[in-house]
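Work through the exercises below with the sequence and the 3D structure at hand, and try each task before reading its solution.

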Amino acid sequence: MDSLRTYRVGIAVATLLLVIVGWLIVKPTAEPLPPYLASSAQPSGIKAVLVLLEEKGKQVKEWRQPMRFLPTATGQAMLVVEPERLMPEEQIDILDWVSEGNDLILFHSRPEWEDLPFHTKYIRDKENQERNIQGPLVQGGFMGKAETSLRFVEDDDMEPLLYDDQGILGGRTVVGDGSVTFFLVPEWLTNQKIDRLSHFEAIWPHVQGDWSVLWVDEYHHGLLEKPGFLAIYPGWLIAACMQLGILLLLYVWWRGKRFGPVYTLREWTVRRGDETLLAVSSWYERRGLAKDALRHREAYMRQLLYDRWGVHQRADRVEIVRYAKTRWTNQEVEKFAHLLERLEQAKSEGRYSPKSLLADSLLLDEITKRLEKE
């Protein structure tokens, strides 16, 4: 019995030592996430303030669809924090939604809204030092540290909400039956800055309100939720088509029809495919359309980027490389960056030879095959 007990204790100790050594050698690390994500508990995320809102009884939801699909109900709010890229047509969709009786709370360090009275100016002092923050909802003033070197210009249509001795850091304007609140300090919402100085006290009164739901924009952080292909059709039409389909199957079964594969001679398909490719390639070569062929290849690659990563098809080289760094190795990212640089050079060159097309196509083949595996 003593030997059996010693044997069991030895196995338990050996297992414990194996787990400890394995944990020290292969220590799990948190996967790096893009900044300003609502679900991110990392220092660059904004989960802390959203969890507090939920604890206060507020209904907080993530928005992962294009802005044209915003719910038509009123009394809602949308929180947009440092979006990657807001296209002009998306801004129009958001403002139309706001004018119906909703509120937009925007934290952005690079304001690009031409239709709103949020015009900026540069300040001389760019040391980003701690300053006294004041505003209508700030009792006695707070201390804050703004990393931006921009300030809003005073405007009759804008109500100042936060300001320091250098200028206005946040303001609000009325749009239809709703309002747009704009702050130049998105870093104040992050987990690592919300509890520094008086950032929480300065921001908290402006992110809670009597809204039925507070949407948090994650679509412009690369998180997409694609609706099903039947979402665009009304329910009655889908039900009618399903019933017609069932009736068609019953009719075919009643008629006793049989279905089977249609065989095509392999010689015809191989010959047809080779001849078509040769004809198309010779036509491009005779007309000197090497650059057009490269554009088609690039369009296909950008479509893959949109389908796999959600990167807009008009994204520039810097933005694409930034997304690639979060998914690929450094060697793959360097090849991708070299390819994007070659594509930009080809567009700017006056003449583009078939030899250059062949070299760039080899790079494009490698990248597209990598993207198709995503």
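Buried means under 20% relative accessible area, exposed means over 50%, and partly exposed lies in between, with a 1.4 Å probe and protein chains only. This is a predicted model, in which local features need pLDDT of at least 70 and side-chain atom pairs count only at pLDDT 80 or more, while totals for chains, interfaces and linings use all residues. Residues are numbered from 1 along each chain as its sequence is written, and side-chain values use heavy atoms, with hydrogens and water left out.

**Exercise 1.** Find the salt bridge partner of arginine 64, and decide how glutamate 62 is classed by accessibility.

Solution. Begin with the rule, by which a salt bridge is a side-chain nitrogen of Lys or Arg within 4 Å of a carboxyl oxygen of Asp or Glu; the count under this rule comes to 14 salt bridges. Arginine 64 pairs in this way with glutamate 62, and their closest N and O atoms are 2.6 Å apart. Next, take the accessibilities: glutamate 62 has 30% and therefore counts as partly exposed, and arginine 64, at 27%, is partly exposed as well.

**Exercise 2.** Locate aspartate 360 and arginine 342, and state whether each is buried or exposed.

Solution. The two residues form a salt bridge whose closest N and O atoms are 3.2 Å apart. This pair links distant parts of the chain, since aspartate 360 lies in helix α10 (residues 354-372) and arginine 342 in helix α9 (residues 330-348), 18 residues apart; helices here are DSSP runs of H or I with at least four residues, strands are runs of E with at least two, and both are numbered from the N terminus. Aspartate 360 has a relative accessibility of 2%, so the residue counts as buried, and arginine 342, at 18%, is buried too.

**Exercise 3.** Which residues touch the most other members of the largest nonpolar core?

Solution. First recall that a nonpolar core is a set of buried Ala, Val, Leu, Ile, Met, Phe, Trp, Tyr and Cys residues joined through side-chain atoms within 4.5 Å. The largest such core has 29 residues, and those touching the most other members are Leu50, Leu79, Phe107, Leu162, Trp188 and Leu189. Among the elements that each supply at least two residues of this core are α2 (47-55), β8 (159-164) and β11 (214-217). Finally, look at the contacts (heavy atoms within 4.5 Å) of leucine 162, which include Ile133, Val138, Phe183, Trp188 and His206, when residues up to four places away in sequence are not counted.
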